[in-house]
Amino acid sequence: TTTGTGTTLIFHHQRTLSTMMMNLCGSRLSTTSTTMMKLLSVLLFFFISTESTIAFSPTTSKSSITIPNKAHVSATRKHSLGFPLYNNINGDNENSDKTNTLVTTESKPVSKDDNDDGTWILEESNHEIKDLERRNLFINLLAGGLLAVTAVASWNLYQLQVDTPPGFARLPQTQFLAARGDPTATHGTDAQTWGLWRDDPGPRGVWLRNYQSQLVDRQYVAPLGWKLDPNDWWIEEHGLIMESPQFPVPPGRYWVTGGRQVTTGLTIDAQGGWHLDEGTLFDVTHLPCRSARYQPLGGTASSPANARLQDFPVQPGAIMPSIPGTRQQDYAVLFVIGKQQ
């Protein structure tokens, strides 16, 4: 803004930087990586939130050097500064031949540009140089942290979406494995109790609130064509009644993941034995996905209509809600993204 006493220029460097950082964090990554990147960007935002102000105004100085045929100017700022000195700032042509003075309100030494282009530079004091070095170090550390988080997230994304080890063929669409067992186990003998959905059962499901109209009134045939067994049904974490998976899982080698850190091979044999090449059952479980199998107890007429709608949705990793009069079995959900050729 220009006033009668001089010209003040205010630079808001941090606004452009912080906006760029937040836009980067909000568009590319998810889960832990997104959280870490947002935290780093917030720290960077607060660190550079102070404004750099450069003020130019005619004044009387405490210490000055004489500059022939130049304007009388005061300069105040925190960091290194280069600015042009214009003849006759106040428009007084009659006084343009007078000797003028450059004033530094912080008594900083002033040197003239070697090219003599009218630019004068205020030299930094030692403590200001150290402050600038600390600022640059902090920003570089933040940038390094952001690059590291991006690299880790990119590697995980590559493993999940692209990488397929020799001997495996990537499936055209993700399949879903319903597994039971000790979350810390790396192998077991109970794979005969596991099931496989070749299509995502969630979007094909029926909401609990629509159980009567979309299942009972249709002779238990869902709008998308699958049939519900009233003595054996499945519900997922949002409160959708799902079609039953295929039992048992066909023997073979599967490439599985939980969409987190571990993507590995799973071997299932004809006797129901299973083992993971790496990690535990928990490591390859997709935590947000929850599913449970419900079967009415003998002598009861329980059905999905007995479920309490307020129990849904279920928190990631939590136990599925119980339904009165039923036997409940919770299942972990694994993504199957490849199979041995």
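Colleague: In which strand is Thr263 found?

Modeller: The model is predicted: local features need pLDDT of at least 70, side-chain atom pairs count only at pLDDT 80 or more, and totals for chains, interfaces and linings use all residues. Residues are numbered from 1 along each chain as its sequence is written, and side-chain values use heavy atoms, without hydrogens and water. Strands (DSSP runs of E, at least two residues) and helices (H or I, at least four) are numbered from the N terminus. In this scheme, Thr263 is found in strand β17.

Colleague: Is Thr263 buried or exposed, and with which side chain does its own side chain make a polar contact?

Modeller: Buried means under 20% relative accessible area, exposed over 50%, and partly exposed in between (1.4 Å probe, protein chains only). At 11%, Thr263 therefore counts as buried. A polar contact is a pair of N or O atoms within 3.5 Å, one able to donate a hydrogen and the other to accept it within protein, where residues adjacent in sequence count only if both atoms are side-chain atoms. At 3.1 Å, the partner of Thr263 is the side chain of Thr257.

Colleague: Which residues stand opposite Ala178 in β20 and in β12?

Modeller: Two strands pair if DSSP finds at least two bridges between them. β10 and β20 pair in the antiparallel sense over eight bridges, while three bridges join β10 to the antiparallel strand β12 (residues 195-197). Opposite Ala178 stand, in β20, Val333 and, in β12, Gly195.

Colleague: Why is the pair of Trp197 and Trp234 classed as it is?

Modeller: Rings of Phe, Tyr and Trp (its six-membered ring) pair if their centres lie within 6.5 Å; planes under 30 degrees apart count as stacked, over 60 as edge-to-face and the rest as tilted. By this rule there are seven aromatic pairs. The centres of Trp197 and Trp234 are 5.4 Å apart and their planes stand at 85°, so the class is edge-to-face.

Colleague: How many residues apart in sequence are the parts that Trp197 and Trp234 tie together?

Modeller: Both tryptophans are buried, and the relative accessible area of Trp234 is 0%. Trp197 lies in strand β12 and Trp234 in strand β14, so the pair ties together parts whose separation in residues is 37.

Colleague: What is the angle between the planes of Trp234 and Phe247, and which residues form the cluster linked by ring pairs?

Modeller: Trp234 and Phe247 form a tilted pair, 6.1 Å centre to centre, with planes at 35°. Phe247 lies in the loop between β15 and β16, and is partly exposed at 31% relative accessible area. The cluster consists of Trp197, Trp234, Phe247 and Tyr331.

Colleague: Which residue lies over the face of Tyr331?

Modeller: A charge sits over a ring if NZ of Lys or CZ of Arg is within 6 Å of the ring centre and within 35 degrees of the ring normal. Arg260 lies over the face of Phe282, at 4.7 Å from the ring centre. Over Tyr331, at 5.5 Å from the ring centre, lies Arg180.

Colleague: Which residues do the cis peptide bonds at Pro248 and Pro313 join to them?

Modeller: Pro248 lies in the loop between β15 (240-242) and β16 (252-257), and Pro313 in the loop between β19 (291-296) and β20 (326-340). Omega is about -15° for the bond to Pro248 and near 0° for the bond to Pro313. The partner of Pro248 is Phe247, and that of Pro313 is Phe312.
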